[in-house]
Amino acid sequence: MKVLVVMGSKSDSHIAEKVTKVLDEFGVSYDVEVASAHRNPKKVEELAKKDYDVFIAIAGLSAALPGVIAAHTTKPVIGVPVSAKLGGLDSLLSIAQMPPGVPVATVGIDNGKNAALLAIEILALKDESLKKKLEEYRKRMQS
């Protein structure tokens, strides 16, 4: 099982680091790519068609990246809005307000950690050892 983390710009790498830190903690395989939905739409399309189980798309401003990936795959896409302008509300609304039929899960602004945890929850549906790690993580949060 593998996750693809896609940043719309290298300037989003501080958010990608939050994602990869959690994925590393849980032992989840991943790749990280930089691909702009506007500057390199062909690359985004090619990435969306690759054999990943979950996509995490990090994007600011118009935040089209998660939706473009979702348009090219039926696999789960998690959007992470970035606080580039307007406190990130522009990005949050762009990701959350996808048209019917092309859903994108959306986490809080700059919340790469929750995006990784949501991806892990999705993967844990078919991976018992990952499910146990997630349950242990939740128990540690309670203390």
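This is a predicted model: local features need pLDDT of at least 70, side-chain atom pairs count only at pLDDT 80 or more; totals for chains, interfaces and linings use all residues.
Residues are numbered from 1 along each chain as its sequence is written, and side-chain values use heavy atoms, with hydrogens and water left out.

Let me start with the record. UniProt, in an unreviewed entry, annotates residues 1-143 as "domain: PurE". Its positions are in the numbering used here, feature names are shortened, and annotations may be inferred rather than shown by experiment. In the model, that span is 45% helix and 17% strand, and its end C-alpha atoms lie 30 Å apart. Helices here are DSSP runs of H or I with at least four residues, strands are runs of E with at least two, and both are numbered from the N terminus.

Now the sheet. In what order do the strands form the open sheet? The order is 2-1-3-4-5, with 5 strands and parallel pairing. Two strands pair if DSSP finds at least two bridges between them. Strand 2 and strand 5 (105-106) stand at the edges. Each has a single partner strand, so one side of each has no neighbour in the sheet. Look at strand 5: 2 bridges join it to strand 4, residues 77-81, and the two run parallel. Gly-79 has Thr-106 in strand 5 as its bridge partner.

Helix 1 packs on it and touches strand 1, strand 2, strand 3 (54-59) and strand 4. Contact means heavy atoms within 4.5 Å. The direction of helix 1 makes about 170° with that of strand 1. Helix 4, residues 89-96, also packs on the sheet, touching strand 3, strand 4 and strand 5. Its direction makes about 160° with that of strand 4. For these angles, axes are lines fitted to C-alpha atoms, for helices over the stretch in contact, and the angles run from 0 to 180 degrees between N-to-C directions.

Is Thr-20 buried or exposed? Thr-20 counts as buried, because its relative accessibility is 13%. The cut-offs are under 20% relative accessible area for buried, over 50% for exposed, and partly exposed in between, with a 1.4 Å probe and protein chains only. Leaving out residues up to four places away in sequence, Thr-20 touches Tyr-30 and Val-32.

Next, the annotated site. Which residues does UniProt list for "binding site"? The unreviewed entry gives Ser-9, Asp-12 and Arg-39. The lining of the largest pocket includes Ser-9, Asp-12 and Arg-39. A pocket is an open set of points on a 1 Å grid over the protein atoms alone, with protein on both sides within 12 Å along at least five of seven lines; lining residues have an atom within 4 Å of a point.

Take Asp-12. Asp-12 sits in the loop between strand 1 (2-7) and helix 1 (13-26). Asp-12 is buried, at 7% relative accessible area. Beyond residues up to four places away in sequence, Asp-12 touches Met-7, Ile-58, Ala-59 and Val-82.

Now Arg-39. Arg-39 is in the loop between strand 2 (29-34) and helix 2 (41-48). Arg-39 counts as exposed, with 65% relative accessibility.

Last topic, salt bridges. A salt bridge here is a side-chain nitrogen of Lys or Arg within 4 Å of a carboxyl oxygen of Asp or Glu. The count comes to 6.

Lys-2 forms one with Asp-31, with the closest N and O atoms 3.2 Å apart. The pair links distant parts of the chain, Lys-2 in strand 1 and Asp-31 in strand 2, 29 residues apart. Lys-2 is partly exposed at 30%, and Asp-31 is partly exposed at 24%.

Arg-140 and Glu-25 meet at 3.7 Å, N to O. This pair links Arg-140 in helix 6 (residues 128-142) with Glu-25 in helix 1, 115 residues apart.

Glu-121 and Arg-138 meet at 2.4 Å, N to O. Glu-121 is in helix 5 (residues 112-124) and Arg-138 in helix 6, so the pair ties together parts 17 residues apart in sequence.

Note on methods
On a 1 Å grid over the protein atoms alone, a cavity is a set of points where a 1.4 Å probe fits but cannot get out, and a pocket is an open set with protein on both sides within 12 Å along at least five of seven lines; lining residues have an atom within 4 Å of a point.
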